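Q: Please take a close look at a single part of this structure and tell me how it sits among its neighbours. After that, I would enjoy a connected tour of what lies around it.

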Amino acid sequence: MNTLWLSHFTATSAIGCGLDPTHTALRQQRGGLAPCAFDTVDLNTFVGEVAGVDSVRLPAHLADFDCRNNRLALLGLHQDGFMAAVETAIGRHGRRRVAVLLGTSTAGVLQSEQAYRRRDPATGVLPADFNYRTTHNAYSVADFVRTVFQLEGPAAVVSTACSSSAKVFASAARMMEAGLIDAAIVGGVDSLCLTTLYGFNSLELLSTTPCQPFDVERAGISIGEASAFILLERPASSLNSDAVLLLGAGESSDAYHMSSPHPEGLGARMAMAGALKAAGLQPGAIDYINLHGTATPSNDAAEGKAVAALFGDRVPCSSTKGATGHTLGAAGGLEAIIGALALQQGFLPGGVNTVNIDPGIPIQYLNANRNTAPQRVLSNSFGFGGTNCSLVLGRAG
Amino acid sequence: MTNPNTLLTAWIEGVGLLGPGLPDWPTAHAVLTGEAAYLPGPMTAPPPQGLPPAERRRAGVSVKVALAVAQEAIAMGQLDARQLSTVFASSGADGDNCDAICAVLASDDRHISPTRFHNSVHNAPAGYWGIASGAMAPATVLCVYDACFGAGLLEALTQVTVDGNTALLIAYDAPYPEPLNAKRPMPSAMGIALALTSQKSPQSLARIQISLTDAEPDVLADTGLDALRLAIPAARGLPLLQALARRQACEVVLDYLEPLRLNVAIEPCR
């Protein structure tokens, strides 16, 4: 795979809006999970809610797009000078040569959930102010971002549950290599809604405490929300040594079950091996793995087997979902950015909430930060339907 | 430097189609060449092949349509499903399932069914395809509202040209029931599959080359077929299928994402 440059990126999640608060929270091992007080939800669970989403106002010309997911997207776009970086890229490449490829699993389905409460009692008709295309439809978030920047290039939403915003990197890399585009806004936006909260509850996969990835007591996920945006371009002719590069992406399918992982983690292992192959690297070249690490008993066990099979226990690993919650369709993008921060800032983030690391999983799990500067990191994202994607990121120097 | 007129090339190995009044590719072939009239009618999706009984029972319309057209295209191309990367493109997830979940969540008892929840993901047909076919190859699932067919074709062609994969494009849609159908009207479910390879084979039907263009999209001469093209996102691919059915070298322009369209050049192999 041709190497690409993450020329600009930003993340907004329960641990902070933008890179500085995110980095500080990771350094302090401060989590963002709190008892769920979202909407009218009456579940005994913790969530990673982003502060201030409700007070975001969309500009008048974008009012049709108004929903929690697009407010979270706009909040994210406003951090770290990301919008200015995109405008500069548009100036460099042209409106038709910048793609928008984003992952989401929820989009604005919350809008439909709430509209169903306001159905006409006599006819069942949904309220007139409900706009399906610009809110509920999965494409709405990419449509929104493309409209914000008045872009005229290719665009798509990848919606493969919790691998969505990792797979967009692979898609962008192919489009770039095919010569269709010169830059892409990739990443993902996923927001709290009732479908995921009550859905994971129905599968008995919600933890009643803040989630504890790879802990012997782990008892399920905590749902979070996030927006993560990355501007991908071909590497500039000279890069600072702390520039972050996308070195490889690997994708696979479990072909096993809709909501349970392959018990031996076979699909996960294929995705990691594929990412290493695309990067032209051996397992020994990886210095840190940001695990998918959802904290369900079976997911962590399967991922642990896959990691151990490829890497043994040599590589320090952690899941950052104890801090951010599982941000579902935004997880791949968010965790790629956490990997990029580890590369730039020279540390390995320990997973929070994990007290007694599961001795039955033979990997080197970090539950405390380590001041070791990684050169290359791998990030895993796996989802319902048996969809897997792994990314390899590295420093330029 | 990159070429602003990038041309992506592949060979079409197989086609699958299921839509209202179009039960399979042979029937559609006759309609598209003008040998038979287009008679709109209800679409019946066959039970999905290859799934265990429990999964077969639970499969919604979008899963049935996606698997039916995928299997038709693979059979025509004599391809091994396990070797194909897949690109699923749909403007929505399973509509009936989504309606049922929203209705329960708006009621006093919010206990939704776990099966309904895992079937609510946009990539459910891709997950069932993996289970049915045993394919562990990459599967991606796109949503680009009305531009799904063009976006899926572009993604599949980039996979073929960049990765050298054999890729299966499966564009499919299923309508929502009311009340959502009033907000997103769609008359029927429909699916189109294309199996695409990077090398010409004895099974190849035609060479396909696509590029981005500003030209106006082609309309179909048959008003009934053109109404279908405009009413269902997957049906935006019908002009390509008509070009394929006619077995004459030609170019058609497909709808994509404003202001872009896809120029599609078809060169028959036999």
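A: **A close look at one strand**

Strand 7 of chain A, residues 183–190, is largely enclosed by the rest of the structure, because eight of its eight residues are buried. Here a residue is buried if 20 or more other C-beta atoms lie within 10 Å of its own, exposed if 12 or fewer, and partly exposed in between, with C-beta atoms placed from the backbone. Keep in mind that this is a predicted model, in which local features need pLDDT of at least 70 and side-chain atom pairs count only at pLDDT 80 or more, while totals for chains, interfaces and linings use all residues. Residues are numbered from 1 along each chain as its sequence is written, and chains are lettered from A and ligands numbered from 1 in the order in which they are written. Helices (H or I, at least four residues) and strands (E, at least two) are DSSP runs, numbered from the N terminus.

In a regular strand the side chains alternate between the two faces of the sheet. For strand 7 of chain A, both faces are covered: one carries A:Ala183, A:Ile185, A:Gly187 and A:Val189, the other A:Ala184, A:Val186, A:Gly188 and A:Asp190, and all of these are buried.

Now for its partners; two strands pair if DSSP finds at least two bridges between them. Strand 5 (residues 98–103) of chain A runs parallel to strand 7 of chain A and is joined to it by six bridges; A:Gly103, for instance, has A:Gly188 as its bridge partner. With strand 9 (residues 226–233) of chain A, strand 7 of chain A pairs in the antiparallel sense over eight bridges, and there A:Val189 stands opposite A:Ser227.

Elsewhere in chain A, three strands make an open sheet with mixed pairing, in the order 3-4-8. Its edges are strand 3 (34–35) and strand 8 (223–224) of chain A, each pairing on one side only. Strand 4 (residues 46–48) of chain A pairs with strand 8 of chain A in the parallel sense over two bridges, with A:Gly48 partnered by A:Gly224. Helix 2 of chain A (residues 68–77) is mostly covered too, with 10 of its 10 residues buried; A:Arg68 and A:Arg71 are among them.

Let's step across to chain B. In all, 54 residues of chain A are in contact with 55 residues of chain B, where contact means that the C-beta atoms of two residues, placed from the backbone, lie within 7 Å. Helix 7 of chain A gives the largest share of the side of chain A that touches chain B, six residues. A strand pairing links the chains as well: strand 6 of chain A and strand 3 (residues 139–143) of chain B are antiparallel over two bridges, and A:Val158 stands opposite B:Leu142.

B:Gly152 belongs to helix 7 (residues 148–163) of chain B and, with 30 C-beta neighbours inside 10 Å, counts as buried. The C-alpha atoms of B:Gly152 and B:Leu169 are separated by 6.5 Å. Of the 270 residues in chain B, 60% are buried.
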